[in-house]
Structure formats: C-alpha cells, structure tokens
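Work through the exercises below with the sequence and the model at hand. Try each task before reading its solution.

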Amino acid sequence: MAFAAFATTTSEAEQVPRRKSPVALLLLLPGILYLMLFFLTPLVSLLLTSFQAPSEFGDVGQYSYAFRWENYVQVVTDYLPHILRSFGFALIATVLALVFSYPLAYFIGVTARRWPLAQSLMLVLVIAPFFISFLLRTLAWKQILSDESFIITSLKAVALMAPDAHFTGTPAAVIFGLTYNFIPFMTLPLYTTLERLDLRYLEAGSDLYAHPVEVFRRVTIPLSMPGIVAGTLLTFIPAAGDYVNASRDFLGGPDSQMIGNVIEANFLVLQNYPAAAALSIILMTVILIIVSIYVKRAGTEELL
Amino acid sequence: MTTGAFAAQGADLELVGIQKRFPGFTAIEHLDLKIPAGSFFALLGPSGCGKTTTLRLVAGLEEPTAGRILIGGKDITGQKPYQRPVNTVFQSYALFPHMTVLENVAFGLRRRRIDEPVAKAHEALRLVELDHLAARKPQQLSGGQQQRVALARAIVNRPALLLLDEPLGALDLKLRRQMQLELKTIQEEVGLTFLHVTHDQEEAMTMADTVAVMNKGRIEQMGAPEELYELPKTAFVANFLGQSNLFTGPVIGSTSDAIAVAVAGQRIVVPAARAHRHAGEVTIGIRPEKLSLHLSAPADDPARNSMGPGRVIDVSFSGVSTQYLINVPRVGTLIVFAQNMAFGPVAGEGGEVWVSWDIKHGFGLEDEPGDLPKFDADTTTRSIAAQRRASLITELEEV
C-alpha cells in the first residue's frame, strides 16, 4: 500500500550507485515545478504574512509587509492553551487509535492469512467509511452523541452520567471524533507491515524460551515498528491540525478548541491574517520537530 | 522458563506412537523413536517425508495428533515451546533482524534470566569464531556466518536436545563441508544430543552416529551409516542412500548360509544373513562400487557372482572413478563405479563386458517384489535442477 512508502527512509537509496543523468533530471522537472508552484509559493507567502503589520490608515483586515516578529510572541501568549491542547488531544487520539488498530490489523494481516478472501473483505470494511464524507460522518456522531440521543439518555437513566451532563462539546467528544476519524489511517500501514511479518521469527522467539507476551514485546512489536511509525505519523500530524472535530458545529465546545479552530477563526472571522499565519508556522515547526525526533528515536531504518 | 540453570548435559529423546495429521494429509503415520543422550542423530528423507514435521513436534511448534514425546524420561507432550529444554537451528536461521548478533545470541539466556548473558553470548560466538562480528546486524553477515550465529544462539542455552532443520541447505558445497566438520566438533565438545534433519544423504552419513531414513511418514530403516549403506533393508533405502543395482527373481535354492536366486537365467548367490527373505520372489541388490568389470567372460569362481555379457551404453569419467552404465539383456541397466587404476576408462561405449562381485557383498531386501518401485536414483543434472526448483518453490510458498 502507498502508506508503507511513508516510512521509507534513505538507507536503501544510499546503496544505489549515484549516476547523474540529464534524462533523470528532465524527468524530475515536472515534479520540481509542481512543488515550487504549489508548495513553496504558499509557504513563502504564509511566512511573509506572518510578519505583516496592520496598515496604518487601513480598514480592519488590511495589512502591509513588515518584519513584525512580535506577532509570534502575541499568538503564543494568546493561544498557548490551544496549542498545548491540540498536541495533547492529537497524542491521546493517536495512542487510542493505535490501541484499537493494532489488534485489528494483526487479525487481518496475520490471523486471517489463511483466508485471503476474508482478508480483503475486512480491508474493504476498514476503508468503507471513506465512501462517505468525513464531515457527514462526524455530523452523524454529533447526532448519535447529542443530549437527546438514545445513548446519552440511557446512560443518564442508569445514572452513569449526571442528569445535566453533556457529551458533545467536551474534550472527550473531540478526542473520540479524532480517534474515530483516523483509525483507518492507522490500520492500513499497520496492516501492510503485519501482513509481511515472518511468523518464523515468532517461532524462533518461543523456541528461545520467550513467553508469548515476551515474544510480542521483543519480536512482534519491534518488527512492526515501520507500520507503527507510519500509522502514528499519519494520525498525529493531521490530528494536531484538525479543525473539524473540535469545531463548535461538530463535536467541540468552547473548552475544547484546537489550534486549527483558532487559525480558521483568525483567517475567516477576525481577519487577523498575520496571527493565523504565525500560528500555522508554529504548528508546522512544532510538528516537524516532534516528528523528526520521533522517527530518529524509533530507529526503524534496518527493518525496511 | 525461569529455571536459571543449564541442562547438565544432553538428554535422550523418546517418541512413542507419534502420529500427525493435517487437514487433508497425514504427515506422520506412526513413529517410535529413541535417541540416546549425547548422540548425533540424523533424520534423512526426501522432501515431504515428515522429517521436518517430526522436528517441529519435538520443538513444540506443532502438536501431535496422537502419541507422546519424552525428553530425559519426562513427558513434554503438553508443554509449550518456550517451556521445553530444546533449541532449534532453523532452516531459514530466523535471526532477529532488529537485534545485533550479540543480542540474538543472548536472547534465550535473558529470557531464562541466566547470569551474565553477555559474557556467555560472547563465549558462544567465540566457539563459532564470530565474536569479532558481535555488534553487526544479521543481515550484514554472509549466509555461512548467519548459520553459525543461529547455531551459537541455540547452543548457548545448553539445551538437552538441539534440533537442526537442514541448517546447511543454503550454503555452497565448500562451506557445507566445513560447517559439517565444525558442527560435528562442536557436538563432541559440548556433548549435547543433536537431532539433525536433512535430505542430503552424504551429510547425514558423514555427521551422524545413527541415521534414520524416513519415507512417507514412516521410518524405513535406522542404524549406523555403514550398516544402512552396506545392508539396506528396502529398495527405498538402497536407492536413497547412494545407488544400487537391484534384481528380482525366485529363490531356487537355499542352504543355511546362502540363498541362490535366478536372475534372467543366471544364478546369483546372496549370504543368508544378509537377506531378509529366504523364499519366493525376492529382490537382491549390489552397490555399484562393489562390481568389477571384465572385458572377457570371467572364470567360474564359487566365491563370486557374475553376470553378462552386457553392452556399455554410457561412460562418465569423474576423476577418482568412472561410472559405467551397462545394459544386460533381460536384466536391465547396471551401474558400475570403477576406480581409475589405469589411465582413462577400461571399456569404451558399445563394448561388450561382464561384471562380477564377491557374493559376500550382495544383500536381499525386505520389500515384496510386487510393489517394488522400479526406479533408479536419478542423478542427472537436469533432475537435480528440477528437484532444487521444486523445493525452492515450496519454500517460497511457505514464506
């Protein structure tokens, strides 16, 4: 699956003898042009916007180019709780998605190996939610978990929830939504690694006096690290910037706003473009730092 | 298993009435086997004969359908693989790719919480002369080195019983010879019981004290390599272990120490002690290297059987010896290995020859001649290539 490529590092490419060929460069040209146009240009524009200052005699929403680095200090002081909350929510959702997806992927990729048909059927079921827009699915969850819904009224009836408590609008609902929406992104890369897992290593582990739990911890988990790394990245990165689940129109509330919602509000409602741009840059930088540390520490190069 | 101590020495292995059925086929019909402590035992057979299944049953990776497995007199049939005092050197080596060579070797020691796992792992690596590569990852080693690491990883645990699943299969001929000797030396040094599974008859014969030839889920014959070679009990053994010339005919006379068999009108004498059947239709055989080639009819000698005349249909020179294929009318094709005492072959293709052999060298088989599979060991390059290919395909399918 395409997701497996996500975790590939450069170790394999290093072994290939380097040859400079004009044809290769020519073939790379469209890709380079595409990236210049659609990745680099907006990035530079965003960076410039983040340093803009309000126009002296302009209306609200009119800014001119400057080097106002105070924008960054300003947004960090204003929105630090949102930034922290975003990464906290993303982290919890990633861990939860991993906990739910690993057994699922193991079942599809290892246990179901004897039945290839069932295997593909289950994979289709994992992907099936993608056939419906995730906005609609998240809205559906809002309905299902609303105060008048069957689930919540039943929980209140058996006194598992306080009569005046809500579920939608709470941090728990946002984390629930994030976890739900990103489970397929976690399951698919896990499946691709587990599907190739050589069971003879597990046999060798048990032959060498390792209890099944030990085999899982010392052999299965390390060997499925490429999938775990790819899955967690595919979940954590978009979840940290997500603004749908936490939106007040969906599962979020005033106490559960994430950085994505703040950026959206600053761009579209408050028209404070420099603040929104600065927040975006901060989000991107922090994610890059976290991801590079994580990938370095996971050390999956030799398994690929 | 947290015993924290090594097995003092090898233990004996006993298989009692083992049967293993998989959905759709029976891998092992009925197996009774006793391997004494400290011996090097080889289980020899073609692919699909049930030898690897036997090994996996002993390791605990499969459960027998019926029967019991005892190690050192203790019933371990119900034990899980990690509870058994057994280690395996896998055909694929199965070295953990995410660990260094040293960590691979120390893995079993750590799981059993044995003191000083690192020091002991280094010691085991020194035994296989790979200590200088301890910090490498398995995939940075050559096939032969990986094999030795797999061996070190198994013997470092001092198991009561060491299982070897065709561990030399992936090595080239020279390395194989070298590893065979090393394995044998290590076995004698550490005094463990080795159970070696292989389809290579030469490997089994050079390394093992006792060889059991397995076919279709049963042991056909078991014994010391010389015994198996010189006195095969069945046509399968006679042809799987080296090559044989087999003849079928009725017994026409028997005394207390010899039987005479009529083969295509010629009287062939076999010692009674070396024949399993003494009446009726019997199959007798002679090894190709025991035959002498004559360019004229040999003089009558009561101590020798002779056959001929026949025509040489093929001569292949292999340095040490020459292999002749001789077609004898109404008998079939005989194989003769002749030492190259002269320069070059003594008989050319198409030449008329006779063969003779000492009657003491003949043997009589136990098989019913009726159901005797009439096959000669096929050792042409083409068939070896075909077999290699078939085994490779099955191996790939397993992966």
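Predicted model: local features only at pLDDT ≥ 70, side-chain atom pairs only at ≥ 80, totals over all residues.

**Exercise 1.** How many bridges join strand 11 to strand 14 of chain B, and which residue stands opposite B:Pro250?

*Solution.* Locate strand 11 at residues 245-254 and strand 14 at residues 281-286 of chain B. The two run antiparallel and are joined by 6 bridges. Within strand 14 of chain B, B:Glu281 stands opposite B:Pro250.

**Exercise 2.** Describe the open sheet of 4 strands in chain B.

*Solution.* Read the order: 2-1-4-5, with antiparallel pairing. Find the edges: strand 2 (25-35) and strand 5 (74-75) of chain B, each pairing on one side only. Move to strands 1 and 4. Strand 1 (residues 13-22) of chain B runs antiparallel to strand 4 (residues 66-71) of chain B, with 5 bridges between them. Pick one residue: B:Val16 has B:Arg68, in strand 4 of chain B, as its bridge partner.

**Exercise 3.** Which residues of chain B does UniProt list for "domain: ABC transporter", and what is their helix and strand content?

*Solution.* The unreviewed UniProt entry lists residues 13-241 of chain B. Over residues 13-241, the chain is 35% helix and 27% strand. The end C-alpha atoms of this stretch are 25 Å apart.

Terms used
Residues numbered from 1 in each chain as written. Chains lettered and ligands numbered in written order. Pairing = 2+ DSSP bridges. UniProt positions renumbered as here; feature names shortened; annotations may be inferred.
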